[in-house]
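Biologist: I would like a close look at one part of this protein. Please take it step by step, and then show me a few other places for comparison.

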Amino acid sequence: MLWPDAGPNDRVHLVGGPEGNEAIALVPKHSGPGRAVCERHPHLADLPAFTVPEEFVRNVDRLETWLRHRLTVRTSGGTQQWERSTGVQVAGVLDDLYATDHPLGIVWERGVPSFHLWAPTAHRVRLHLFETSTSRRPRQVVEMTRGGMRPGGASPLPNDRGVFSVRGDAGWKLAYYLYEVEVYAPSKGDVVTNRVTDPYSVGLSCDGRRSQVLDLDDPALAPTGWDVLPKPRLDRFEDIVLYELHVRDFSALDPETPPHLRGTYLAFTLDSTPTRHLRRLAEAGVTHVHLLPIQDFATVDEDRSSWEFPVGLEGLPPDSEEQQARIHELRGRLGYNWGYDPQHFGVPEGSYSTAPDGPARIFEVRRMVQALARLGLRVVMDVVYNHTFKCGQSPRSILDRIVPGYYHRLDENGKVTTSTCCANTASENRMMERLIGDDLVRWATQYRIDGFRFDLMGHHMKRNVVAWRDRLRSLRLDADGIDGPRIYLYGEGWDFGEVVNGKRGENASQLRMAGTGVGTFNDRIRDAVRGGSPFSDRRAQGFGTGLYHAPAFDGKGEDEKERLRELSDRLRIALSGNLREFRFVDREGKHVVAGDVYLGGYAATPTESIQYVSAHDNETLFDKVLFSTPEDMPLEDRIRMHVLSLAIILLAQGIPFLHAGSELLRSKSFDADSYRSGDWFNQLDFTGDTHGFGRGLPPAKKNADRWDILRPLLSRADLVPTREQILNTRDQIETLLRIRKSTPLFRLPDLAQIQSATTFFDQGADPGWIAYSLATESSAAHWVLFHSHGSTRKLAHPSLVGRTLQLHPLLANGADRLLATEATFDPKRGAFRIPKWSAAVFVEAPGS
C-alpha cells in the first residue's frame, strides 16, 4: 500500500468491507515498496509504503469481499477523528490475485458455446440473450458462476476466481447477448448494474450495441479458398515496402465501383481502377497495404441511411470558406472518420461493411484480405490499443464498466490519464496486456493479418510489445495456419505524457526499441526532408523543399547554409538505416558515430526504422512542398522536389512507407488533420482525372490559424497538376520501387553489411548534395546522388576518374525525361552531371 500524503507520524488505516466501516491498521514499511513493485511501477518508488496485516491477506474470502466494495485509506494523526482519506487503486492487487490464462469470450466445444468474462470485482454477472439485434427484451437471462469453467472439464486454477462462466446451448448460435454486471464503480461511489458488450466480442450488431454468438471457425463465414490462402512471398523484412491506405478513401469516389460498394471492404475485390492501381504498385515493389483502423470504432454511425453529404461544393471558389463550413454542419453524419476511437478491439468496423448488423463484416474482411493477396499484397492493420473512446460509466465505455479502475492508466488522484486525447489504457496491467495479445493473435489467425502498426506505441511498455511480438512469431503454418515469423510489427514510438522518459516503466519509445526487431517511425528523416516539424511553422524548409538554394520562408544566409549541411548529415544517417552504431565522416570532416549526432541514429537494425516523409497525419507531401517553396517557383520544379523527397525514402536502408496517393501528388488542400473532413478533403483519385488541391480552405478547427497564408495559394490555378503530371509522377515512383526491388544493395540486413557497403562523398563547401556508393562482394557497385538545387550541377570525385558509369537503365528509360537526358557521367573528370531537384542512380556500363 502506497500513499504520497501520509506523514511520518500518521496512523494509517485501510477502511472498507460490505458496510464500508471496518478499519484495518496498516504497518509502515520503512524499506520502501520493494524491488518487484518498483520494477513494475517505477513511479511509485519514492512513495511511503505500508503493509496489510498478514492475517487479513491470508483470509482470501474476506479480502475478496473487500475488493468488491468501496476502499479508502485514512489517517487519524494520533486522534480517533479521520483527518484525511483517499481512494485505493487496486490494479496491482487484482493482477496478483486474479491474472489468469483461463479462456475468455466465447469458447466452442462440439458446437456448444460457453461464455467467460473476467470480472473479479463484480458482485454478480448475468448473461442476457436476445433473439435479434433489435429485440426489446431478452429471450433468456442466465446466471453466470464465479470460478471459471475450463475447456474439456479441466479443474479451475486459484486465479480463475475472477472469471464468471456459463455453458450455453447449440441453439444460441447467431443470437445476440449482453453481460449484466453488478459492480462497485468508484466514479459513482456505489454499486451499479451495467449492461455491456463482451470485451472479447467476435461479432456485433449495428453500431456495436450487442455482441453476437458466433464461431469464427464456421465455414459459412469463410470465402471459398480461405483455408488455403497463399500469401505473397516475403523472404525477409528488409524487402517490405508499406503503403498506408484508408478503406473509405480507396473507393469512395471511384465511378467504376458500384455505389453500394464504395467505401467498403468489398471494393477491394473488384476489377476497378483502384485495384488495378494496387496491382501496379505490387508489381513495382510495394509488399504490404497498411490499412488505417478497421477495428470497430465509435464515431461513425454504421447505418448508412443516416449519412448525409454536402452538395454544391464543386462550383465554389478554390479559396472559399464555404466548403469546410458546409462539411462542418454535417459533422458526425458524413460517414467518415480515420477510426482512432476504438470500441471493440476484436471485431471489424461495420461502416465499411455492406451489412453491419451481423456476421457479414467478418466474411467481407476475409474477402478483402484474400483479394489483396491475389493482387500480390500482404495486409497490415493499424491497431489502436493505447486508449479507448470512453471510460467510466459512459454508455460507450466497455472495459471500465466491467472492472472499474483496472484497464485504464490512472494518475496520482485516481483520474484516468488522457495524454493520448482519449482514455489511456494501462497495458502494464497483466490482463490488459493479455487482452491485447489475445486480440492480436485472433486477427492474425482468423483474418490472416500479416503485420500490425501500433498507434502511439510509446504509451505501451516495451515488455508488452516484446511479449506480443513473441506470441505472434510463435505461430506456425502447420499448427495455426499462419507463418508467425513473417508477421512484422511497428508503431509510433513517440515519448510523451505520463509515460515520458520511462516514468511508468520502460516504454516502447524510439530509443528503447532498438534490438527488438520492432520498427518505429523515423521522424528524423521526415523532418530533414520536409523541413521543420508538425509542431513548427509549416513553411520551414528542408533538403527536399528548397532550404538555402530556393529561399522562401527561410533565407539564403550562412545559418541556412549550415542548417542544410546539418540536415544532410542527418539524412546520411537515415539513408544508412538510421543505425545508432553507423560510423561516417560528418560535414566537418570528423569521424562520428550516428548515435552521438544530435537527432542521429537510434536503431540496431535497419528494419527497426520506418522511413517516411508523409502519412495520414499532417499535410500531404505535395501540400508541404507548396507551403515551403518560393511563390514564383514553377509547378514543374515543385513536382521534382516531391519526387526527390520520395526517392530518399525509397532508396534508404530500412522500411519505406508511402502515404496512399503520394505517388499521385495527393493534396488535401492543406488540411493538417483530415480525420473527419469527409470524402471532399480526403479525395483520392487513382485515374489522375481530378486532384485534391483547391477544394476550399481546410476545416477551421485545425487549420484556421493558417488561412491567411493558404488563401493566395489555393486561388492559384497554376498549382493544380495536370493529369499528365500526376501519371508521370506515378510512373517515376514505380521506377524507383522497381530499382529498390531489383537491387539487394538497397535492402541490406545489418550494420556490418551497411557499414562495409556504404561510402559517402564529401559534400564540399556548397551543400545540396548527398552522394554515396553502395557495393558488396556479391553486388556490383551503385552510385546514388540526391541533388537539392534549382540548376544542373556537377559533382566530381577523384576515385571515379577512368570509371565508365551510366544512369541506371530503369531511369534512363523512365518517365523523368529531364533526368534521362541530362544526368551523365564524365569518366575523364570522374564527374556526375545532375539536373535540378533530382535523385539519380548510376551503375557500371556493360563491358566496362
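Which residue caps the N-terminal end of helix 12?

Modeller: Asn522 does. One of its side-chain oxygens lies 3.0 Å from the backbone nitrogen of Arg524. Keep in mind that this is a predicted model.

Now go to the other end of the helix. Just after helix 12 comes Gly531. Its phi is positive, about 95 degrees.

Next, the helix itself. Is helix 12 enclosed or open? Eight of its eight residues are buried, so the rest of the structure largely encloses it. The buried residues are Asp523, Arg524, Ile525, Arg526, Asp527, Ala528, Val529 and Arg530. Several elements cover them, including strand 25, helix 13 and strand 28 (609-611). Helix 14 (621-628) and helix 15 (635-650) are also among the covering elements.

Take helix 13 from that group. Helix 12 spans residues 523-530, and helix 13 spans residues 558-575. The two pack at an angle of about 140 degrees. Their axes are 9 Å apart. The crossing is left-handed. On the helix 12 side, the contact is made by Arg524, Ile525, Ala528 and Val529. On the helix 13 side, it is made by Leu567, Arg570, Leu571 and Ala574. An α-helix has 3.6 residues a turn, so residues three or four places apart point the same way.

Now set another helix beside this one. Helix 6 covers residues 273-284 and has 12 residues. From first C-alpha to last, helix 6 reaches 17 Å. That is close to the 16 Å expected at 1.5 Å a residue. Its buried residues are Thr273, Pro274, Thr275, His277, Leu278, Leu281, Ala282 and Ala284. The elements covering them include strand 16 (242-245), helix 5 (247-251) and strand 17 (288-291). Helix 8 (360-374) and helix 19 (723-742) are also among them. A glycine follows helix 6 too: Gly285, with a positive phi near 150 degrees.

Start with Ser509. It sits in the loop between strand 24 (488-491) and strand 25 (519-522). Leaving aside neighbours within four places in sequence, Ser509 is in contact with Gly458, Gly493 and Asp495.

Ser427 is another loop residue. It lies between strand 22 (423-424) and helix 9 (430-447). At 1% relative accessibility, Ser427 counts as buried. Its side chain makes a polar contact of 2.7 Å with the side chain of Asn464. Beyond its neighbours within four places in sequence, Ser427 has contacts that include Arg409, Met432, Glu433, Ile436 and Trp468.

Finish with Asp685. It lies in the loop between helix 16 (678-681) and helix 17 (700-703). Why does Asp685 count as buried? Its relative accessibility is 18%, and buried means under 20%. The Asp685 side chain makes a polar contact of 2.6 Å with the side chain of Thr687. With neighbours within four places in sequence left aside, Asp685 is in contact with Leu664 and Thr690. Glu636 is 49 residues from Asp685 in sequence. In space, the two are 20 Å apart, C-alpha to C-alpha.

Definitions and conventions. Residues are numbered from 1 along each chain as its sequence is written. This is a predicted model: local features need pLDDT of at least 70, side-chain atom pairs count only at pLDDT 80 or more; totals for chains, interfaces and linings use all residues. Side-chain values use heavy atoms; hydrogens and water are left out. Helices (H or I, at least four residues) and strands (E, at least two) are DSSP runs, numbered from the N terminus. Buried means under 20% relative accessible area, exposed over 50%, partly exposed in between (1.4 Å probe, protein chains only). Contact means heavy atoms within 4.5 Å. A polar contact is a pair of N or O atoms within 3.5 Å; within protein, one must be able to donate a hydrogen and the other to accept it, and residues adjacent in sequence count only if both atoms are side-chain atoms. The expected span of a helix is 1.5 Å times one less than its number of residues. Axes are lines fitted to C-alpha atoms, for helices over the stretch in contact, and angles run from 0 to 180 degrees between N-to-C directions. A crossing is left-handed if the near helix is turned anticlockwise from the far one by less than a right angle, and right-handed if clockwise.
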